[in-house]
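Let's take a walk through this model, from the overall fold down to a few single residues. Have the coordinates open as you read.

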Amino acid sequence: FTERERRRARAPHPGVMSRASGKQRVCYFYDSDIGNYYYGQGHPMKPHRIRMAHNLLLNYGLYKKMEIYRPSPATFDELRKFHSDEYMRFLRHITPDNMGEYTKQMQRFNVGEDCPVFEGLYQFCQASSGGSIGGAVKLNKGTSDIAINWAGGLHHAKKSEASGFCYANDIVLAILELLKHHRRVLYIDIDIHHGDGVEEAFYTTDRVLTVSFHKFGEYFPGTGDVKDVGANAGKYYSVNFPLKDGIDDASYASIFKPVIGQIMQMYQPGAIVLQCGADSLCGDRLGCFNLTIRGHAECVRFVLQQKVPTLILGGGGYTIRNVSRCWTYESAVVLNEEISDDLPYNDYYEYYGPDYKLHYAPSGMENLNIPENLEKIKSKVFEHLRQLQPAPNVTMPAAPPPAAADEEDEDEDDPDVRVSQRGGDERQEHGAEFYSGRPGE
């Protein structure tokens, strides 16, 4: 990959984009090694899509408007804030070379087929989780209003088990970090698959409300019925909206906006985590929805209109040229920037042929979600939401120290390494200024 991707991105002083400018302060986490992790031949999950999105984002110039950070790898201690010690030790030690010695444990931790052992597996988990925890720390400190980690959003991982291509649940770890400073956190999942790992982790608490819009019925992971509402103190704090094949932009907006609007009113979260799995897009290799990139991004836009600190994460998405286009466009939506439908030349330009456009048309597939059925489910969801207590007033103890993920931005770059052409992402660029590199370089 390019020199500009290799160099460690170091962000400006957090005060560069002041609230006075009226602009949301956005930070973005990216590890330049992420695209090198490889699940294996024929496996649909390709971390390379994150590198493709990053490269597209660079070539659109969006990097100038964000603080860019390389995440600190999540430490063993950070990972075990949710995951069991045994499971994390297993992930740390297993490699393609020694997996013969771990047959029993592989079965126990559900590692093998969907979740294969690959070179650098533990480091991949550390990078993905490090970005999400790092984003949560920035929101907690108040130095960013929105944090983005497209390498995160791995919502199926359980406390002691891999599932659905996910090993470490970066989302749960980020929410635990946010709970140090916020009484209530709202989790929203627009991946085509049910956000089961996150729902399960917070099923019995009212401090996290989880809401998932997903395909339901003979579809992985098989959970997420509208009747599943949480338990004990968390009863009615799990919201599920089951869907059928072929949902389009208009149908999706007709349920997403009223449900999220009602939740915001009733729950009043201090922070939001939005999982933007792109397998809900039309034409996905594993998906069966019919959302356009604009329709998918409309959910992001609506969530940001709530003006609550927000962590934006990736997730599923298996037609990789569509995933990278989607997350690039959603980054532009976060930044409130208009970008051209003509893709700029980039390192992966040939992937986007023959049209080389940012947007593409939905398919002619039938929408099996008839309005009356959507209305019925929406009524059930609203009925459950009416059971919510007015926003719980949790007495907050003194906030625990932030995760170590925050320390990474303090270390200086090697002063002897010349900054590449993209040195402009050393600091945010004001709309009226143009930097070709570091000031005075």
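## Contacts and overall make-up

Residues 24 or more positions apart account for 79% of the contacts in the chain with a separation of 6 or more, where a contact means heavy atoms within 4.5 Å. This is a predicted model, in which local features need pLDDT of at least 70 and side-chain atom pairs count only at pLDDT 80 or more, while totals for chains, interfaces and linings use all residues. Numbering runs from 1 along each chain as its sequence is written, and side-chain values use heavy atoms, with hydrogens and water left out.

The chain has twelve helices and eight strands; these are DSSP runs numbered from the N terminus, with helices being H or I of at least four residues and strands being E of at least two. Of the 441 residues, 60% count as buried. Here buried means under 20% relative accessible area, exposed means over 50%, and partly exposed is in between, using a 1.4 Å probe and protein chains only. The accessible surface of the chain is about 17,900 Å², and 49% of that belongs to carbon and sulfur atoms. Those areas come from the Shrake-Rupley method with a 1.4 Å probe, and for residues only the protein chains shown count as cover.

Mean pLDDT for the chain is 89, with 85% of its residues at 70 or more; pLDDT is the predictor's confidence in each residue, from 0 to 100. Over residues 1-20 the pLDDT is below 50, and beyond near neighbours in sequence this stretch has 62 contacts in the model. Residues 405-441 also have pLDDT below 50, with 70 contacts in the model beyond near neighbours in sequence. Where pLDDT is low, the predicted coordinates should not be read in detail.

## Helices around H11

Helix H2 (residues 48-59) packs on helix H11 (residues 320-335) at an angle of about 45 degrees, with the axes 8 Å apart. Axes are lines fitted to C-alpha atoms, for helices over the stretch in contact, and angles run from 0 to 180 degrees between N-to-C directions. H2 and H11 are therefore oblique to each other: under 35 degrees counts as roughly parallel, over 145 as roughly antiparallel, 65 to 115 as roughly perpendicular, and the rest as oblique. Among the residues making the contact are Ile 50, Met 52 and Leu 56 of H2, and Val 323, Trp 327 and Ser 331 of H11.

Helix H10 (residues 293-304) meets H11 too: their axes come within 9 Å and cross at roughly 35 degrees. H10 also passes H11 in a right-handed crossing. The residues that meet include His 296, Val 300 and Leu 304 in H10, and Cys 326, Tyr 329 and Val 333 in H11.

## Covered spots

Helix H7 (residues 170-178) is mostly covered, with eight of its nine residues buried. Those buried residues include Ile 171, Leu 173 and Leu 178, along with Asp 170 and Glu 177.

Phe 213 sits in strand E5 (residues 208-215) and is buried, with a relative accessible area of 0%. Leaving aside neighbours within four places in sequence, Phe 213 is in contact with residues including Ile 188, Phe 241, Tyr 252 and Ile 260.

Most residues other than glycine have a negative phi, and most peptide bonds are trans. In the loop between E5 and strand E6 (238-243), where Pro 221 is found, the peptide bond from Phe 220 to Pro 221 is cis, with omega near -5 degrees. Glu 218 is found in the loop between E5 and E6, and its phi is positive, near 50 degrees. Glu 218 is exposed, with a relative accessible area of 85%.

Pro 354 is found in the loop between H11 and helix H12 (371-386), and a cis peptide bond joins Gly 353 to Pro 354, with omega about 5 degrees. Tyr 356 lies in the loop between H11 and H12, with a positive phi near 55 degrees. Tyr 356 is partly exposed, at 28% relative accessible area.

Key: Left-handed = near helix turned anticlockwise from the far one by under 90°.
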